[in-house]
Amino acid sequence: MSTLATRISPSGADHTDADAPLVSVVIPCLNEAENIEACVLAAMEAIVRMGVGGEVVVADNNSEDDSVRLAEQAGARVVVEPRRGYGSAYLAGFAASRGRYIVMADADLTYDFKEIPRFVAALEEGAEMVIGDRMDNIQPGAMPWLHRYIGNPILTGLLNLFFRTGISDAHCGMRAVRRDVLPRLALRTTGMEFASEMVIRAAKENLRIAEFPIEYHPRGGESKLSSFRDGWRHLRFLLVHSPNHLFIVPGAALAGVGTLIVIWVEAGIDLFGRAWGLHALIGGSLLMIVGTQVLALGLCAHAYGTYFMNETDPWFDRMRARFRLEHGLLLGGAFMLVGLVIGGLILATWIAHGFGSLADERLAVVAASVLIVGIQIFFSAFLLSILGLRRR
């Protein structure tokens with residue numbers, strides 16, 4: 001163990017809660033033999049300069065080089081997490097750390113560990129999560145142009161649009177969090193999307209988030225990041241955790257446009273200087289049916305997130321407090337009744353004309369569409385009720 005390590009309060013398993021350090025620096029590591037010793041020593045030096053009790057926890061992701069030995073030799077406590085993944089490493093590191101405040105930083109020398117006191121100070125001042133902002137202080141060669149000008153701005157912009165976080169750099173790897181808020185975050189992702197999950201969960205839990213500029217330096221060693229694969233994982237995570245933008249908004253738009261088309265065609269209203277016929281009606285009906293189904297999927301996604309993943313959404317909470325299963329059944333039943341009545345009128349007309357050729361194609365399309373929408377609403381209401389059994 002280094003001389004520096006002996007100057008930091010030890011944090012072994014024999015410690016009591018009263019002896020827990022103030023700060024735990026958690027560093028994920030996968031084959032970082034080139035950098036890990038320097039990172040550990042820099043983190044420990046920062047803790048010593050603060051004059052507080054601290055520990056450095058290296059969450060090794062089953063490295064195949066000398067990372068573990070070098071980290072331990074530098075004075076870190078190493079926890080090995082055999083399941084590969086950025087999130088897996090951090091979850092193991094969080095579970096092993098004992099500090100009141102947890103500071104996170106990568107093991108690639110891209111972040112300056114001298115910034116640790118600033119992160120701790122922000123937490124001491126009342127913030128519950130602190131995130132660095134690299135975007136205005138990126139050193140030459142530190143970040144590929146694809147990440148700097150396309151990937152990170154787009155993903156951060158979408159995250160802010162969906163979840164209203166107001167964060168400038170949602171994927172900065174140097175951040176800090178209070179230990180006591182971790183249970184509220186309920187973090188569970190195992191890959192690179194872990195960074196997005198932290199911010200999304202913090203926003204949904206209304207945590208006090210602080211942000212300040214930090215420098216971003218060129219990486220030491222080989223990068224583990226896959227631009228397109230990891231970018232897609234982040235985007236996928238944003239979408240699946242925002243049912244409003246993935247389902248509700250597109251579904252409402254499709255259903256609304258489809259309904260307007262059906263009304264225009266059936267009312268014989270000219271649009272763009274011409275009358276629209278059967279084919280436009282079929283297209284409108286298709287949009288109406290698909291839109292209704294997507295809306296139903298969005299409501300079910302909201303219900304699953306609320307009852308099984310501890311998600312909160314004020315809009316959905318108001319809707320489920322106001323509407324019950326019976327409301328959905330009545331609405332679906334009303335649509336089905338209208339469709340059946342229209343279909344009955346078509347059948348009666350056909351019978352009255354001696355079972356001759358049918359000439360009510362447009363009305364038949366409307367009847368079938370309204371009936372299908374009614375069936376979707378009726379059974380989606382039951383599915384929502386089944387998901388809601390979880391809360392009882």
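Figure 1. At a relative accessibility of 3%, Glu-55 is buried (under 20% relative accessible area; exposed is over 50% and partly exposed lies in between, with a 1.4 Å probe and protein chains only). Its partner in a salt bridge is Arg-77, with 2.7 Å between the closest N and O atoms (a salt bridge is a side-chain nitrogen of Lys or Arg within 4 Å of a carboxyl oxygen of Asp or Glu). The two residues connect distant parts of the chain, 22 residues apart: Glu-55 belongs to strand E2 (residues 54–60) and Arg-77 to strand E3 (residues 77–80). Helices (H or I, at least four residues) and strands (E, at least two) are DSSP runs numbered from the N terminus. Arg-77 is partly exposed at 25%. The model is predicted: local features need pLDDT of at least 70 and side-chain atom pairs pLDDT 80 or more, while totals for chains, interfaces and linings use all residues. Residues are numbered from 1 along each chain as its sequence is written, and side-chain values use heavy atoms, without hydrogens and water.

**Figure 2. Salt bridge between Glu-32 and Arg-219.** The closest N and O atoms of Glu-32 and Arg-219 are 2.5 Å apart. Glu-32 sits in the loop between strand E1 (23–29) and helix H1 (36–50), and Arg-219 in the loop between strand E7 (209–213) and helix H8 (227–240), 187 residues apart. Glu-32 is buried at 6%, whereas Arg-219 is partly exposed at 24%.

**Figure 3. Salt bridge between Arg-49 and Glu-45.** The N to O distance is 3.2 Å. Both residues lie in helix H1, four residues apart, about one turn of the helix. Arg-49 is exposed at 66%; Glu-45 is partly exposed at 28%.
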